[in-house]
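Student: I am new to this structure. Please pick one part, look at it closely, and then lead me on to other parts.

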Amino acid sequence: MSSPLPASVLDLAPVLPVVVIEDAADAVPLARALVAGGLPAIEVTLRTPAAPAALRAIAGEVPDAVVGAGTVITPEQVREAVDAGARFLVSPGWTDRLLEAMRGSGVPFLPGVSTASEVVALLERGVREMKFFPAQAAGGTAYLKSLAGPLPQARFCPTGGIGPDSAPDYLALPNVGCVGGSWMLPADAVAARDWARIERLARAAAASAGSAQVSPAGSAQV
Ligand SMILES: O=C(O)C(=O)C[C@H](O)[C@H](O)COP(=O)(O)O
């Protein structure tokens, strides 16, 4: 069996690849390429009909991966994802109904925020770890630095528009635990099933995270 997971999604790995899978047959080789490149925590978005089968395949066949579900926006999807083997849940936003389902799921979760009021509302509900989405469009590192003043207890996984150049800047912030993104999974590489290229890009992403001044709380590995 796999080792126990950290209680927080932010402490799984510094870089969380965000995967969109059109063909469930691609799930296992894609996950193996990410793991081989040093990215063991993998978010499979529930944006495609293939997603539940992809989750199930990775959970069953890639023991070194820690697979979770992204784009979880309904309580029904919480159940579907956990049933398929998701070991963490990520959402681009949140509602009280969704939060209740995520809390009841038994796996760590990250609701998404993009404003100070949403952060305050989650803190009020006892949630301190959040996805910051869409990171670049919502204000990037400058916005997260500004939040750290009044709201230092909140920690984030910024996602959305992050690339190899900006990832280390995010990871250097004290209120960032990990960054998410799809930059190591170009659509043409996935379409061509170029797993070797994806492994190279994953390795570069993992290395750039290693070169950032990661805060101690964000540096834990699986
Ligand atoms: O699907 C979700 O739940 C989302 O919230 C959106 C994703 O996190 C971003 O689409 C990934 O960002 P990119 O690296 O810009 O591709």
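**From a buried alanine to the ligand**

Tutor: Ala-31 is buried, with a relative accessible area of 0%. Buried means under 20% relative accessible area, exposed means over 50%, and partly exposed lies in between (1.4 Å probe, protein chains only). The model is predicted: local features need pLDDT of at least 70 and side-chain atom pairs pLDDT 80 or more, while totals for chains, interfaces and linings use all residues, and side-chain values use heavy atoms, without hydrogens or water. Residues are numbered from 1 along each chain as its sequence is written.

Ala-31 sits in helix H1, residues 27-36. Helices (H or I, at least four residues) and strands (E, at least two) are DSSP runs, numbered from the N terminus. What does Ala-31 contact, leaving aside neighbours within four places in sequence? Ile-42, Ile-58 and Val-62. Contact means heavy atoms within 4.5 Å. Trp-183 is 152 residues away along the chain, and its C-alpha atom is 15 Å from that of Ala-31.

Next, helix H3, residues 75-83. Its buried residues are Pro-75, Gln-77, Val-78 and Ala-81. Down the axis of H3 they fall within an arc of 155°, so they line one face of the helix. The arc is that of the directions from the helix axis to the C-beta atoms. On the other side of H3, Arg-79 and Asp-83 are exposed. The cover over the buried residues of H3 includes helix H2 (51-61), strand E3 (66-70), strand E4 (89-90) and H4. After H3 comes Gly-85, with a positive phi near 110°.

Helix H7, residues 140-148, buries Gly-140, Leu-144 and Leu-147. Seen down the axis, these fall within an arc of 55°, so they line one face of H7. An α-helix has 3.6 residues a turn, so residues three or four places apart point the same way. Exposed Lys-145 and Ser-146 are on the face of H7 turned away from its buried side. The buried residues of H7 pack against helix H5 (116-124), strand E7 (129-132), helix H6 (135-138), strand E8 (155-158) and helix H8 (167-171).

H5 has buried residues too: Val-119, Ala-121, Leu-122 and Leu-123. Among their packing partners are helix H4 (96-103), strand E6 (112-113) and H7.

Ser-8 comes in the segment before strand E1 (15-19). Ser-8 is buried, at 7% relative accessible area. Its side chain makes a polar contact of 2.5 Å with the side chain of Glu-129. A polar contact is a pair of N or O atoms within 3.5 Å; within protein, one must be able to donate a hydrogen and the other to accept it, and residues adjacent in sequence count only if both atoms are side-chain atoms. The side chain of Ser-8 also reaches the backbone nitrogen of Leu-10 at 2.9 Å.

Last, the ligand. A polar side-chain atom of Arg-47 is 2.9 Å from a ligand oxygen. An N or O atom in the side chain of Thr-71 is 2.6 Å from an oxygen of the ligand. For the side chain of Ser-182, such a distance is 2.6 Å. Taken alone the ligand exposes 410 Å², and the protein buries 82% of that. Accessible areas come from the Shrake-Rupley method with a 1.4 Å probe; for residues, only the protein chains shown count as cover.
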